[in-house]
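Here's a quick briefing to read with the model open in your viewer. It starts with one residue, then moves out to the fold and back to some local details.

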Amino acid sequence: MARVSDAAGSIGVELTPDVPADAVGSLAADTERAGFDRVFVSAHYNNRDPFLALSRAAAATETIRLGPGIVNPYETHPVTLASRMATLAERSDGRALFGLGAGDASTLSALGIERERPLRRVLETTRVARALWNGERVDHDGTFRAVDAALDYDVSPPPVYVGAQGPDMLRMSAAHADGVLVNAAHPDDLAAAAARIDEGRTDRASARGPLDTVAFAGVSVARDADAARRAARPPVAFVTAGAPRDILDRHGLDPERAAAIGDALSAGAYDDAFAAVSPAMIDAFCIAGDPADVEARLRSAFEHVDSVVAAAPLGPDRSTAIDLLGTVFERVRAP
């Protein structure tokens, strides 16, 4: 049975609700049996609702911590998000984690939502949520408005984990969040993020307690390394298309090819986009291969962060990948 921990060294899995909510619950139970501490359920409008899936996961598990990975405060009002998280905390007997981020600009744009002042909105959401969870009535006028907002039930406040990639969000998260979900898989990117996080720690109040830094890293594992790398192509295509120029340059990736992948994705030409993913892109943006390959990369990740979440795709077969990853992580964490 998995141990529940907020301490450094925790391991987790991201599950995508592209299957029914009950199936997500079953996968969460598999994750708990495999020895993981955390399950995050991804939040994209084209998949099932993450909170419904998390409710099924809470019912199917006993000790593992659960949270969305990652919701944004644009599609849903921050006060509503705070209430949904409080409900999840109640449903899971205090096992909830609040995975919060600014959201993907292109996805929000497709919904007619402008992602204005993302750093400020995430910070304000964190502060308002904590006030509501503490039983306060809230008036707020900033990147969003709330007038005399309150929750009419007792709450077990969940820790706030902020998804971050850019330097400003990394620094802000280090100063104000309980944990940082670093959107990176390569040790060079994790090392660069760690430097920005260390800068943010200088503004961290001692009352906030220790900060948990987490690599929220795409992982694809299978006994057949080639199959694992093929399964990594779809998520790597999306990551590559949205990667900032400095990160593309860090890995020597062609920005024109990255832009072409983005154009293909926008046009719905997914097969073309996935076919354009190069081996170097997979190496930069995913931990992919057989168990030995993945173990080596995970050991490198733990040199820069406290904890790791294995994010999508996990592998060609998710259930098998969860079992393989459980064994790999057990070796990585062994004394």
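Leucine 314 has a relative accessibility of 1%, so it counts as buried (buried is under 20% relative accessible area, exposed is over 50%, and partly exposed is in between, with a 1.4 Å probe and protein chains only). Leucine 314 sits in strand E11, and its phi is near 75°, a positive value in a residue other than glycine. This is a predicted model, where local features need pLDDT of at least 70 and side-chain atom pairs count only at pLDDT 80 or more, while totals for chains, interfaces and linings use all residues. Residues are numbered from 1 along each chain as its sequence is written, and side-chain values use heavy atoms, with hydrogens and water left out.

- As background, most residues other than glycine have a negative phi, and most peptide bonds are trans.
- Isoleucine 70 belongs to the loop between strand E3 (65-68) and helix H3 (78-91).
- Aspartate 148 has a positive phi too, near 50°, and is not a glycine.
- You'll find aspartate 148 in strand E6 (residues 145-149), and because its relative accessibility is 41%, it counts as partly exposed.

**Overall fold**

- The protein chain has 14 helices and 11 strands; these are DSSP runs numbered from the N terminus, with helices (H or I) of at least four residues and strands (E) of at least two.
- The radius of gyration is 19 Å, close to the 20 Å that the globule rule gives for 335 residues, so the protein chain is as compact as a globular protein of that length. The radius is taken over C-alpha atoms, and the rule is 2.2 Å times the number of residues to the power 0.38.
- Laid along its principal axes, the C-alpha trace spans about 55 × 45 × 40 Å.
- Of the 335 residues, 53% count as buried.
- Among contacts with a separation of 6 or more, 74% come from residues 24 or more positions apart (a contact means heavy atoms within 4.5 Å).

**Surface and charge**

- The accessible surface of the protein chain is about 14300 Å², and 47% of that belongs to carbon and sulfur atoms. Areas come from the Shrake-Rupley method with a 1.4 Å probe; for residues, only the protein chains shown count as cover.
- There are 34 positive and 48 negative side chains, and the centres of the two sets lie 2 Å apart.
- For that count, Lys and Arg are positive and Asp and Glu negative, with His and the chain ends not counted; each charge is placed at NZ of Lys, CZ of Arg, CG of Asp or CD of Glu.

**Nonpolar cores**

- The largest nonpolar core has 78 residues, and those with the most contacts inside it are Leu15, Phe98, Trp133 and Leu325. A core here is a set of buried Ala, Val, Leu, Ile, Met, Phe, Trp, Tyr and Cys residues joined through side-chain atoms within 4.5 Å.
- Beyond four places in sequence, the contacts of phenylalanine 98 include Val71, Met85, Trp133 and Tyr161.
- A second, separate core of 20 residues includes Leu253, Ala273, Ala284 and Ala288.

- Valine 308 is another residue of strand E11, and is buried with a relative accessible area of 1%.
- The C-alpha atoms of valine 308 and isoleucine 11 are separated by 5.1 Å, despite being 297 residues apart along the chain.
- Leaving out neighbours within four places, valine 308 is in contact with residues including Ser10, Ile11, Val214 and Phe329.
- Valine 214 lies in strand E9 (residues 212-221) and is buried at 0% relative accessibility.
- Valine 214 and valine 180 are 34 residues apart in sequence, with 5.8 Å from C-alpha to C-alpha.
- Among the residues that valine 214 touches, not counting those up to four places away, are Arg38, Tyr161, Val180 and Val308.
- Threonine 125, in helix H5 (residues 118-133), is buried with a relative accessible area of 0%.
- Beyond its neighbours within four places, threonine 125 is in contact with Pro73, Pro78, Leu100 and Phe144; from C-alpha to C-alpha, phenylalanine 144 is 8.8 Å away.
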